[in-house]
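Colleague: I've got a model open and would like to learn how to read it. Could you walk me through a few features?

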Amino acid sequence: MERMIAYCGLVCTSCPTYIATRNDDDDARAKTAAYYTEKFGFDLKPEDINCDGCLSESGKLICYCLTCVIRKCCQTRGLAHCAACEEQPCEKLTEFHKFSSDAKASFDALIQKKIEL
């Protein structure tokens, strides 16, 4: 499976929601919903765990991705990800990276690739 990296740097193809959706795995959906509810305080049910990834045009996104300001910003600007933005790192991205060190690490790798090109 080809890696899908979200606008913020999260690796969608490593996300348990994405994996549960791809595998149509109801047990994984239940475990993921319980994990997100416990760890992040989200009120999610197994049927909420359906996402084809941030870059998807299918409309099948987990609740957070539907309202993500980073995603909307990149789409409005026609960018593949925030690493391609001349204004990065912006406050939205910096705040999100405080929340997700995995996204920050992946984002930093995107920036490094951009520098090497």
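Modeller: Let's start with helices: these are DSSP runs (H or I, at least four residues), numbered from the N terminus. Here, helix α2 spans residues 26-40 and includes Phe40. This is a predicted model, where local features need pLDDT of at least 70, side-chain atom pairs count only at pLDDT 80 or more, and totals for chains, interfaces and linings use all residues. Residues are numbered from 1 along each chain as its sequence is written, and side-chain values use heavy atoms, with hydrogens and water left out.

Colleague: What is the mean pLDDT of the protein chain?

Modeller: pLDDT is the predictor's confidence in each residue, from 0 to 100. The chain's mean is 88, and 96% of its residues reach 70 or more. Among its elements, helix α6 (residues 101-116) has the lowest mean, 79, while helix α1 (residues 16-22) has the highest, 94.

Colleague: Is His97 buried or exposed?

Modeller: Buried means under 20% relative accessible area, exposed over 50%, and partly exposed in between (1.4 Å probe, protein chains only). His97 has 9% relative accessibility, so it's buried. It sits in helix α5 (residues 91-99). Contact means heavy atoms within 4.5 Å; not counting residues up to four places away in sequence, His97 touches Cys8, Ala103, Lys104 and Phe107.

Colleague: Which residues of α5 are buried?

Modeller: Leu93, Phe96 and His97.

How values were computed
Helix = DSSP H or I, 4+ residues; strand = E, 2+ residues; numbered from the N terminus.
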